[in-house]
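Subject: A structure for you to explore

Hi there,

Here is the structure I promised to pass on to you.

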Amino acid sequence: MTSNNITFIFNQIHIDVARNATDDFNLFHEPVKWQLIENNPFEGPIVLGFQLESLLEAHIKQYRNSNNEDVLIQDQQLQFSNYQFNFANAVKPGDTVEIDIKKSQFKKDNGGLVLSNRVAVKANGILALTGYKKESQFALFLPDADFSTWGNLKSYPDRSVLPEHGFFLKRKFINVSNGKNFLCGSLVDQLLFFDDLEEKTIFPEIFPCSFISCALLEQAWLDKHDFKKDPMVYSSHKISIHRQCLTLLKSNTCLHILVKAIDGTSYAYECYGLIDNNQVLFRAIIALTPLKIILKSRFFSKK
C-alpha cells in the first residue's frame with residue numbers, strides 16, 4: 001500500500017529544522033555551502049537520511065495501529081524495533097515523495113519471531129530508499145553488544161576516543177523541544193508522540209538515532225577529513241532499538257554515542273547509543289559511500 005495515496009514535499013525549512021535539531025552540519029544539507037562540495041551532482045541541498053526514516057517510522061506506527069499489530073508486538077514480546085534500509089538516490093526540496101508499505105509478514109526468523117514489512121520511498125517516481133521495518137524478540141543487528149562493565153562514560157570528555165576500546169564518544173542530551181522540531185522537519189505530526197495538554201511524551205525511535213550523524217561528522221572533523229573534496233553520503237542503515245530503553249528517555253537524559261569503524265572496512269561503522277548504566281538504547285551498522293564512487297556508478301540518477 002502507498003500511504004493513503006498521500007504525497008509529501010520537503011522544503012529547505014524542513015531540512016534546516018531537522019539538521020538544527022540534531023546538530024547535523026553535513027554540507028549536503030546546507031542551503032548555501034552545498035556549492036562548496038566539489039562535483040556535487042545534486043545541484044542543491046538534499047534531505048537528511050534520518051528525516052526520511054522518521055517519516056517512515058510515523059507511517060509504520062499508524063499502519064501498526066490500524067491493523068491492531070501493537071497488540072501482537074506486546075503479546076509476543078517483540079521488544080526490538082529494527083530498520084534495514086539502502087539509500088538509492090537523494091531527495092531534494094520540492095520533490096514529490098511517496099511512501100510504500102507492503103503487507104505485514106509474521107514468521108520465525110533465525111530462531112525468533114519477527115513481524116516484517118518491506119518499505120520504500122520514491123521521489124518524483126524514482127526509488128530513493130528501500131528496505132524493511134521489523135519487530136523482533138532479539139536485536140537483529142549487533143546482538144552481542146554489552147557495555148555493562150565499561151564504567152561511567154561521563155568520566156570521559158565529550159568528543160574523545162575511549163583509550164581501551166577505540167570508540168569515539170559523542171555526548172548529547174535528549175530534550176522534548178528538539179524531538180518536536182525533528183518531527184516537524186520530518187513532516188510528522190508531533191501529536192503522535194508529544195502532547196503537553198495530555199501529558200504525553202513518547203520519544204520517537206529514530207530521533208535519538210539521528211545523532212549518529214553528528215557523532216560521525218565530529219569524528220571526521222577531528223580527523224581533518226575534507227568535507228568539500230571528499231564528501232560521503234549514506235549507503236545503508238541497519239538499526240536495532242530497544243523499546244523498553246526508549247520508554248526511559250525524558251528531557252535531559254544523557255545519551256552517549258559510540259562510533260568506530262568496523263575492522264576490515266573503509267566506510268562502515270558500528271554505532272551505539274547508551275543511556276543510564278550503559279543500557280543499549282540503539283545499536284547500528286552505518287555504511288557510507290564517497291561521492292566520487294557514486295558518480296562513477298551507471299545507476300546514479302540526477303533526476
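Is Asn 124 buried, partly exposed or exposed? Asn 124 is partly exposed, because its relative accessible area is 42% (buried means under 20% relative accessible area, exposed over 50%, and partly exposed in between, with a 1.4 Å probe and protein chains only). Asn 124 also has a positive phi of about 55 degrees although it is not a glycine. You will find Asn 124 in the loop between β5 and β6 (helices, H or I with at least four residues, and strands, E with at least two, are DSSP runs numbered from the N terminus).

A word on the source before we go on. This is a predicted model, in which local features need pLDDT of at least 70 and side-chain atom pairs count only at pLDDT 80 or more, while totals for chains, interfaces and linings use all residues. Residues are numbered from 1 along each chain as its sequence is written, and side-chain values use heavy atoms, with hydrogens and water left out.

The whole protein

The protein has 8 helices and 14 strands. With 303 residues, a compact globule would have a radius of gyration near 19 Å, and the protein agrees with this at 19 Å (the radius is taken over C-alpha atoms, and the globule rule is 2.2 Å times the number of residues to the power 0.38). Along the principal axes, the C-alpha atoms fill a box of roughly 50 × 50 × 45 Å. Buried residues account for 54% of the 303 residues. The accessible surface comes to about 14400 Å², and 48% of this belongs to carbon and sulfur atoms (areas come from the Shrake-Rupley method with a 1.4 Å probe; for residues, only the protein chains shown count as cover). Of the contacts between residues at least 6 apart in sequence, 71% join residues at least 24 apart (contact means heavy atoms within 4.5 Å).

Strands

Strand β3 (residues 97–101) is mostly covered, with 4 of its 5 residues buried. β3 pairs with strand β5 (residues 112–123) in the antiparallel sense over 5 bridges (two strands pair if DSSP finds at least two bridges between them). Look for Ile 99, which stands opposite Val 121 in β5.

Thr 130 lies in strand β6 and counts as buried at 18% relative accessibility. Leaving out residues up to four places away in sequence, Thr 130 touches Gln 84, Phe 85, Asn 86, Arg 118, Val 119 and Ala 120.

Salt bridges

A search of the whole structure finds 13 salt bridges (each is a side-chain nitrogen of Lys or Arg within 4 Å of a carboxyl oxygen of Asp or Glu). One of them joins the side chains of Arg 64 and Glu 135, at 3.0 Å from N to O. Arg 64 lies in helix α2 (residues 49–66) and Glu 135 in strand β6, so the pair ties together parts that are 71 residues apart in sequence. Arg 64 counts as buried at 3% relative accessibility, and Glu 135 counts as buried at 2%.

Glu 135 also forms a salt bridge with Arg 243, the closest N and O atoms being 2.0 Å apart. Arg 243 is in helix α7 (residues 243–246) and Glu 135 in strand β6, so this pair ties together parts 108 residues apart in sequence. Arg 243 counts as partly exposed at 22% relative accessibility.

Lys 180 and Asp 196 meet through their side chains in a salt bridge, again given from N to O, at 3.0 Å. This pair links distant parts of the chain, 16 residues apart: Lys 180 is in helix α4 (residues 176–185), and Asp 196 is in the loop between β9 (194–195) and β10 (200–201). Salt bridges that share partners join Arg 64, Glu 69, Lys 133, Glu 135, Glu 205 and Arg 243 into one network.

Trp 150 is in the loop between β6 (126–136) and β7 (160–161), and counts as buried at 17% relative accessibility. Setting aside neighbours within four places in sequence, Trp 150 is in contact with Leu 162, His 165, Phe 167, Leu 258 and Asn 278.

Lys 224, in the loop between α6 and β11 (232–242), counts as exposed at 73% relative accessibility. Lys 224 has a positive phi of about 60 degrees although it is not a glycine.

Enjoy exploring!
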